[in-house]
Amino acid sequence: EARIAWKQWILRNGFRDISEEISGVLEEAFGVLSFYKLLDEQSSGTTLSQADLVNRAKEISKFHRLTLPDKIDLLKNEFSFSIPDEKVEQIKSINAARNCLSHRKGIVGEKDISSNGKLIATWLGTDFIIETDGKEILFEGPIYLENGGTLCMRLVSRSREFPLGTRIEFDEHQFAEIAWTMFNFAQAVAVELENHGKNRGIEFPQAPV
């Protein structure tokens, strides 16, 4: 029981931390997009007042109080902020697992399940593949190839299903991939923010090579 409780405590805190980081990323995105919106209004000839800035600050504060899925949906609906659906679904499913761990001690409840009666967590993983003699071999440990081969990394979609009443569990490798999925999502947010800025004629410095 102590081992189970310890593992659940680690998972609960780990999922909480990565979900809070993503919420922070979305809040920064909302702030930048709000700034872009004010620029658009000014470019169209609208004179901005102090009240406009105050109202926008209030909107940012309201955004902070939204749930993570609602933040993603609002960015899409209000600013046409487009992130690939697959990445959005991964983040929402990871956040659903986080809610279950935080509020129901990792035991899947009615609030956690989808229409199929399960909580489904999806994330982005990596497999190492060896290409040799026209074949592909999944690299999972020490291996000897007489004719050698080429080692490649491939992105793959992973998932786990947790029926109603079962306990959420992930091993350390799965959690590492889930955390990397969150980082990958944050990168997609940064790219889309830059695209929105470039569409408005904003120049971004090139990263040093």
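Three strands form an open sheet in the order β2-β1-β3, with antiparallel pairing. β2 (135-138) and β3 sit at the edges with a single partner strand each, so one side of each lacks a neighbour in the sheet. The twist averages 35° from one strand to the next. This is a predicted model: local features need pLDDT of at least 70, side-chain atom pairs count only at pLDDT 80 or more, and totals for chains, interfaces and linings use all residues. Residues are numbered from 1 along each chain as its sequence is written, and side-chain values use heavy atoms, without hydrogens and water.

**Strand pairing**
- β1 (residues 118-132) pairs with β2 in the antiparallel sense over four bridges; pairing takes at least two DSSP bridges between two strands.
- Glu 136 in β2 is the bridge partner of Glu 131.

**Nonpolar surface patch**
- A nonpolar patch on the surface has about 780 Å² of accessible area together, and its residues include Phe 128, Ile 143 and Trp 180.
- Patch residues have over 30% relative accessible area and no salt bridge, with nonpolar side chains joined within 5 Å.
- β3 (150-163) and α5 (172-198) each give two or more residues.
- β3 gives the most, with three residues.
- Trp 180 lies in helix α5 and counts as partly exposed because its relative accessibility is 32% (buried is under 20%, exposed over 50%, partly exposed in between, with a 1.4 Å probe and protein chains only).

**Cysteines**
- A search of the whole structure finds zero disulfides (cysteine sulfur pairs within 2.5 Å).
- Cys 100 is buried, at 0% relative accessible area.
- Cys 152 is partly exposed, at 24% relative accessibility.

How values were computed:
Patches are made of residues with over 30% relative accessible area and no salt bridge: like charges are joined within 9 Å, nonpolar side chains (Val, Leu, Ile, Met, Phe, Trp, Tyr) within 5 Å. Accessible areas come from the Shrake-Rupley method with a 1.4 Å probe; for residues, only the protein chains shown count as cover. A salt bridge is a side-chain nitrogen of Lys or Arg within 4 Å of a carboxyl oxygen of Asp or Glu. Axes are lines fitted to C-alpha atoms, for helices over the stretch in contact, and angles run from 0 to 180 degrees between N-to-C directions.
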